[in-house]
Amino acid sequence: TLNVLRSCVKVPSIKRVIITSSMAAVAFNGKPVAPDVVIDESWFSDPAFCEKSKAWYMLSKTLAEEAAWKFAKEKGIDI
């Protein structure tokens, strides 16, 4: 994810980068899920919860997305 974003920063004609996320990055935080709960971008997975649960795929997706948002903020990229 960061390699793609680093490449995009080098190209002035790129105005926005679309990142297709994964439910793995938002659904694993230990909060109870009920029929009335809406899972969205405010529900980022908790890396500590993922690690404790040995949910390695979920952890990798969560860390990649967090890194992308941090990088975008630092570099002023619209993602």
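Buried means under 20% relative accessible area, exposed means over 50%, and partly exposed is anything in between, with a 1.4 Å probe and protein chains only. The model shown in these close-ups is predicted, so local features need pLDDT of at least 70 and side-chain atom pairs count only at pLDDT 80 or more, while totals for chains, interfaces and linings use all residues. Residues are numbered from 1 along each chain as its sequence is written, and side-chain values use heavy atoms, leaving out hydrogens and water.

**View 1. Trp43, a buried residue in the loop between α1 and α2.** Let us start with Trp43, which counts as buried because its relative accessible area is 10%. Trp43 sits in the loop between α1 and α2; helices here are DSSP runs (H or I, at least four residues), as strands are (E, at least two), numbered from the N terminus. Contact means heavy atoms within 4.5 Å. Leaving aside neighbours within four places in sequence, Trp43 is in contact with Val26, Ala27, Asn29, Lys31, Pro32, Val33, Val37 and Val38. Trp43 and Asn29 are 14 residues apart in sequence, with their C-alpha atoms 7.5 Å apart in space.

**View 2. Ser45 and its surroundings.** Ser45 also belongs to the loop between α1 and α2, and it is buried because its relative accessible area is 2%. A polar atom of the Ser45 side chain lies 3.3 Å from the backbone nitrogen of Val26. Not counting residues up to four places away in sequence, Ser45 touches Ala24, Ala25, Val26, Ala27, Phe28, Asn29, Cys50, Thr62 and Glu66.

View 3. Ala25 is in the loop between α1 (2–9) and α2 (47–52), whereas Glu65 is in helix α3 (residues 56–75). Ala25 is buried because its relative accessibility is 1%. Beyond four places in sequence, Ala25 touches Phe44, Ser45, Lys61, Thr62 and Glu65.

Glu65 is buried yet has no salt bridge, and the nearest side chain of opposite charge, Lys61, is 8.4 Å away. For charge, Lys and Arg count as positive and Asp and Glu as negative, while His and the chain ends are not counted.

**View 4. The salt bridge between Asp78 and Arg16.** A salt bridge is a side-chain nitrogen of Lys or Arg within 4 Å of a carboxyl oxygen of Asp or Glu. By this rule the count is 1 salt bridge. Here the side chains of Asp78 and Arg16 meet, 2.7 Å from N to O. The pair links distant parts of the chain, 62 residues apart: Asp78 in the segment after α3 and Arg16 in the loop between α1 and α2. Asp78 is partly exposed because its relative accessibility is 34%; Arg16 is exposed because its value is 53%.

Conventions:
A polar contact is a pair of N or O atoms within 3.5 Å; within protein, one must be able to donate a hydrogen and the other to accept it, and residues adjacent in sequence count only if both atoms are side-chain atoms.
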